[in-house]
Amino acid sequence: MRIVGLTGGIGSGKSTVSNLFKANGIPVVDADVVARNVLKKGTGGWRKVVAAFGNEILIPSGEVDRPKLGQIVFNDPDKRQLLNRLLAPYISTGILLEVFKLWMKGCKTIALDVPLLFEANMDKWTKPIIVVWVDPQTQLERLMSRDGTTAEEANSRINAQMPLDLKKTKADIVIDNSGSLDDLNERFREALADVKKPLTWAEFGLCRDGALVAFVSILCGVIICRNVFL
């Protein structure tokens with residue numbers, strides 16, 4: 001099974017690339033969706049976060065006010081690390097469960113869309129690693145336009161993440177999204193060609209079909225050995 005690591009930075013266009021993968025028939029496990037699920041009212045993640053940050057982060061229904069929580073942690077590195085530490089086990093388990101579901105369906109290639117791929121050490125699970133990169137000025141302008149924030153607020157959110165230039169050095173494939181949507185589509189097609197290359201034997205062995213082939217081969221070997229020695 002080929003597990004593609006997809007990451008980027010806020011405002012880099014990673015979600016657009018994630019949607020392009022889906023449109024081209026490659027299932028995507030979205031860490032943000034998993035994170036939303038582990039923060040739902042009554043879950044283990046919800047209880048941990050409410051215990052740490054207090055009831056003031058809740059809306060009347062009892063659900064977490066995600067924008068309010070985001071504002072708190074983006075402006076306080078210690079609280080951001082605390083939140084990541086509290087939710088990391090739940091998010092990792094949720095991602096593994098989604099990967100297992102796709103494995104059971106026989107998927108041979110999937111993408112993990114994880115904003116904190118390197119920070120959470122999930123890069124070791126994936127190959128190739130794709131980083132959606134954008135130049136700093138374009139990233140700032142896009143974030144301000146998208147969220148209606150000031151330059152100071154946008155920079156605060158950008159600086160709360162690992163720099164894109166550093167992520168770029170850790171990538172196997174870099175998709176430069178500093179240009180137009182047409183440019184992005186062209187860069188994506190180039191990346192997709194690499195992703196769709198035939199699986200290696202190791203990757204095939206990790207997919208469901210490969211596991212079945214291995215099981216049948218072992219079973220046949222056992223039967224042959226029994227016949228030889230009987």
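Residues are numbered from 1 along each chain as its sequence is written, and side-chain values use heavy atoms, with hydrogens and water left out. Because the model is predicted, local features need pLDDT of at least 70 and side-chain atom pairs count only at pLDDT 80 or more, while totals for chains, interfaces and linings use all residues.

Two packed helices are described by the angle between their axes and the distance between the axes. Axes here are lines fitted to C-alpha atoms, for helices over the stretch in contact, and angles run from 0 to 180 degrees between N-to-C directions. Helices (H or I, at least four residues) and strands (E, at least two) are DSSP runs, numbered from the N terminus.

Start with helix H5, residues 77-104. Helix H4 (residues 66-74) packs on H5 at an angle of about 125°, with the axes 6 Å apart. That makes H4 oblique to H5; angles under 35 degrees count as roughly parallel, over 145 as roughly antiparallel, 65 to 115 as roughly perpendicular and the rest as oblique. H4 brings Leu-69, Ile-72, Val-73 and Phe-74 to the contact, and H5 brings Pro-77, Lys-79, Arg-80 and Leu-83. Contact means heavy atoms within 4.5 Å. By class, this contact of H4 with H5 has 6 nonpolar, no polar and 2 charged residues. Ala, Val, Leu, Ile, Met, Phe, Trp, Tyr, Cys and Pro count as nonpolar, Asp, Glu, Lys and Arg as charged, and the others, Gly among them, as polar.

Helix H2 (residues 31-38) also meets H5: the axes come within 9 Å and cross at roughly 120°. H2 is therefore oblique to H5. Their crossing is right-handed; that means the near helix is turned clockwise from the far one by less than a right angle, and left-handed means anticlockwise. Ala-31, Val-34, Ala-35 and Val-38 of H2 touch Leu-87, Tyr-90, Ile-91, Gly-94, Ile-95 and Glu-98 of H5. The residues of this contact divide into 8 nonpolar, 1 polar and 1 charged.

Now look at the second largest pocket, which holds about 240 Å³ of space. A pocket is an open set of points on a 1 Å grid over the protein atoms alone, where a 1.4 Å probe fits, with protein on both sides within 12 Å along at least five of seven lines; lining residues have an atom within 4 Å of a point. Grid points are joined across faces, edges and corners, and a volume is the space filled by probe spheres set on the points. Of the 15 lining residues, Val-34, Asn-37, Gly-94, Glu-98 and Lys-101 are the closest to the pocket centre. Strand S2 (28-30), H2 and H5 each give two or more residues to the lining. H5 gives the largest share, 7 residues.

Elsewhere, helix H1 (residues 14-23) packs with helix H9 (residues 181-195) at about 55°, their axes 11 Å apart. H1 and H9 are oblique to each other, and their crossing is right-handed.

The loop between strand S3 (109-113) and strand S4 (129-133) contains Pro-128. A cis peptide bond joins Lys-127 to Pro-128, with omega about 0°. Asn-121 lies in the loop between S3 and S4, and its phi is positive, near 60°. Most residues other than glycine have a negative phi, and most peptide bonds are trans.
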